[in-house]
2 protein chains.
Amino acid sequence: MNINKGILRIACAQVNLTVGDIKGNLLKISEYIERAKSLKVDMLSFPELTITGYPPEDLIYKSGFIGMNMNCLKAVAEKTDGIKAIVGFIDNIDGRLYNAAAVLDDGHITAVYHKRKLPNYGVFDENRYFVPGEEPVTTLIKETRASIMICEDIWKTDFLTDHHISSVGIIVSLNASPYHMGKMKERESQVCGLAREYGVYISYCNLIGGQDELIFDGQSFIVNNRGDLIARAGAFREELLVAEIEPSLVPAEESRRPVKYSRRLDDIPEAYAALVCGVKDYMAKNEFKEAIIGLSGGIDSSLVTVIAADALGSSNVKCIYMPSMYSSEESFRDASALTAKLGVKLIEMPINSIYEKFIDALSPFFKGMSFDITEENIQARIRGSLLMALSNKFGYLVLTTGNKSEMSTGYATLYGDMAGGFAVIKDVPKTLVYKLSKYRNTLDPVIPENIFLKEPTAELRPGQKDSDTLPGYDLLDTILKAYIEENRGTVDIAGKGIDREIISRVAALVDKNEYKRRQSPPGIKITPLSFGKERRMPITNRYKDDNGCGG
Amino acid sequence: MNINKGILRIACAQVNLTVGDIKGNLLKISEYIERAKSLKVDMLSFPELTITGYPPEDLIYKSGFIGMNMNCLKAVAEKTDGIKAIVGFIDNIDGRLYNAAAVLDDGHITAVYHKRKLPNYGVFDENRYFVPGEEPVTTLIKETRASIMICEDIWKTDFLTDHHISSVGIIVSLNASPYHMGKMKERESQVCGLAREYGVYISYCNLIGGQDELIFDGQSFIVNNRGDLIARAGAFREELLVAEIEPSLVPAEESRRPVKYSRRLDDIPEAYAALVCGVKDYMAKNEFKEAIIGLSGGIDSSLVTVIAADALGSSNVKCIYMPSMYSSEESFRDASALTAKLGVKLIEMPINSIYEKFIDALSPFFKGMSFDITEENIQARIRGSLLMALSNKFGYLVLTTGNKSEMSTGYATLYGDMAGGFAVIKDVPKTLVYKLSKYRNTLDPVIPENIFLKEPTAELRPGQKDSDTLPGYDLLDTILKAYIEENRGTVDIAGKGIDREIISRVAALVDKNEYKRRQSPPGIKITPLSFGKERRMPITNRYKDDNGCGG
């Protein structure tokens, strides 16, 4: 057993990459290599699939994609004079593709590791693209032996009993680990436990930034071989995290050198920061500068407006208030107060005269029929069309304002309030909308108090309240979490002491509105199970958990 | 080597199942078992995942789903007195799930086979749900040894060199093989080749019916141990296919008994039948009776109307013609002629007065700006809203009319002509739209000749033609097939002698319109690569195949 000695300066480049932007990613990688060189870093690690961005999805099948990624890796290698860098890329061996990491050393590719554990659940489809690796790969950083891992590897460590781990002083892990609330605790618990169990240092480098529905939080960290955290980068921002370590096969002494790390945010501020980062990145990476929001004066569109202003700057956010005959003065006052405080432009555009023409056109066919969801949806669709007209004319991106409770139950109008490019709070349950809004107001009370106090309403018919149609949001969100995130059956949920009839009604709403969700814009995942590619429900589906099997 | 002897009567139950409808599927399975019993069938095989329908997707994660499927299997077993049935289901062994087939014999489950090759490409995600099986399973049908396979197994036959195959007289294959044009040739070539190579009979039972974007064509077939087809069921219809065979380890004599099979349709009639079946099943399985279509008088909406009438009956189809000031008299004449011939109701609803009110509302903001795509989209969105209003009021399903060439290039209005529940010809390129329409007219000339002759136009501005914006459709469809279905690069496509600048322009349109496709309704897959779950492109994506790697 060889004891590794000597102080190492190691670093994680917690960078914001863009999927497919191989050229842009190369520039970013080069910049961080230069910064690390100037700080005399011995080993610099990047996130998973650094070159291509994560996840590249079916771009991988494009004929020139893998080749361009290889060329780029060679170009990065040329920049590694005097430093060791570990960079993620896609390796191609006789047409078999690997999620890989290259060790770049003084201008050369000296080793290549192939990810051994490929996640194929939740948002992940890695078996679709990659073949699993079979061998560990180690490399020397000065005299310390480092073993490379990629993301899932560190969660499925049955192969860690490999003989090779006994001589390893540090595990260098490249990650693209998507955010959800509470995820950081899971990561630290897993990684610190492993470091303690095997007596190794671990450097965990994570991606930051938004990619469609995913948001990567960064929070890269380094733990010593006692399992103590010795450095951590911030959340949702780029950072070069540098730490000096003294790997050894005997446990590090406690707090030998001062730990330096960013304080972790609490759950609510962290989720808020995730939403801001998600909006900022979706806009920037898709080349939008200005956003437009249909502001109703309710809590959902108010929160979205504040998030957008924080992400883009107030001057890049436009709000449009589109009253019908059912809109209250209170709504306009609240919308005006919010935008005034934020310094966001508010446009008013009444929809009555357009609505009347719709009703005129339809009246020959609707004779003798009463007002129902049809007329409500017409109002919402006029608003959607006006927002899209401003988007088309001025190049604004429309941010939609529906929350997860609404997306779940279909309490939203397809092509109406669901019309837009990015659904900011699509994965935020209504009860969490309130918490996030309250939190944001503690920094600066921009959301008028009245918006918190009044009862939620869509204002699509006289005196309408959400509670006419849906159970109260506390109850509703409890049922939805159990039914959707936990996949529990209605009988099981009723065991929580909730009325069985209400549960069945909510479950039926969730099931029958799959078609609406299928046509909704992407939004930011912040819960363990969002409505996106990690929940693949058929639209055509007659499963009811309580209809038995007629035997 | 034991020679198997004796005549067997075997059957394939080519049934239309519904995902999640465990109770309904049980009734269907029972019905076919009874029919097979009355025909003295020795062995009856069903399609893959008979009990749950295919693909059940994330329903599998619902807590009660697997258990209900097991209960149903037991209920089916009880019905197998005097017959052997092979039924697909999901097996659960200590929490590991298998795509499985049970051998049911005289009231008992006598064997269970676990699918060994799990497809995880294209539309398939089976690694997400299942663990692969490791063992062959055989069962005796009278004295003949049968080996069971499930779908992908028969395409990836590296394990067929197993010793066990030498004693097998027949392979019984359970399938849920989705349709695309030309797929049947691929299947027959693979299966007949295998039968010949290993000297075995093969019974290939396929599912029929639509499930969201997938359509299963059936065309179940049986081949002898010389590789000759001896029976085949029809396409897109339920059928109990029965054949008498005399399995033996020496090759069958040529045409010993008369072959009986349905003639295979040519490619175009087959694709047309697929679209009719897709519409019929999406409507029925989602409990819609009547459909509504925005009929413009152009070829796309005309074809969709005819398909809908064939699928649902003319009386269940409503068309609505919604002229603006840019609509021509010719369009109305063509729309009227079509609906009159078909016996479909045509509603006329001009949109001018609504359009004017939209323009009024927006004019303070659009001052001094010229007419552009914004105003075009407003017209399309008014039409979408009117269609949805009729849908909401009367429970019609809106069928959209965009073709694949339009979906590819974004030549369609989100929330406008893209608004609806089911996108019938979403996977049909414009050139194929003409071929399908011509074919349908050979049966009965319902589509007026003028619709074929006039130049395609969206009629959203004066004198507009599709060719103002897009290359001619022959050229466009050639580029799109190369770029999308074959994933070829722009330089490579230019090698076909096509102008490089046009290719780059088309490729850029395809790339930048991913966001529209993400919000489009599901449609029927009829090509080898459709815009659905088998093409998973990121929206946020800066890959350009000709922007090199700046080194």
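Start by selecting Gln519(B): of the residues of chain B, its C-alpha comes closest to the rotation axis, at 2.1 Å. The axis comes from superposing copies by least squares on the C-alpha atoms of residues with pLDDT of at least 70 in both. The same surface serves both copies, since 100% of the contact residues of chain B recur in chain A. Contact here means that the C-beta atoms of two residues, placed from the backbone, lie within 7 Å.

This is a predicted model, where local features need pLDDT of at least 70, side-chain atom pairs count only at pLDDT 80 or more, and totals for chains, interfaces and linings use all residues. Residues are numbered from 1 along each chain as its sequence is written, with chains lettered from A and ligands numbered from 1 in the order in which they are written.

Now show both chains. A rotation of 180° with 0.0 Å of shift along its axis puts chain B on chain A, at RMSD 0.0 Å. The two copies are thus related as by a two-fold rotation axis.

Next, the sheet. Color the strands of chain B in the order 5-4-3-2-1-14: they form an open sheet of six strands with mixed pairing. Strands (E, at least two residues) and helices (H or I, at least four) are DSSP runs, numbered from the N terminus. Two strands pair if DSSP finds at least two bridges between them. At the edges are strand 5 (108-114) and strand 14 of chain B, each pairing on one side only. From one strand to the next, the twist averages 30°.

Helix 2 (residues 65-77) of chain B packs on this sheet. It touches strand 3, strand 4 (96-105) and strand 5 of chain B, and its direction makes about 155° with that of strand 3. Axes are lines fitted to C-alpha atoms, for helices over the stretch in contact; angles run from 0 to 180 degrees between N-to-C directions.

Select strand 1 of chain B, residues 8-14. Six of its seven residues are buried, so this strand is largely enclosed by the rest of the structure. Buried means 20 or more other C-beta atoms within 10 Å of a residue's own, with C-beta atoms placed from the backbone.

Look to either side:

- Strand 14 (residues 239-245) of chain B runs antiparallel to strand 1, joined by seven bridges. Gln14(B) stands opposite Glu239(B).
- Strand 2 (residues 43-45) of chain B pairs with strand 1 in the parallel sense over three bridges. Pick Ile10(B) and its bridge partner Met43(B).

Methods
Buried ≥ 20, exposed ≤ 12 C-beta atoms within 10 Å, placed from the backbone.
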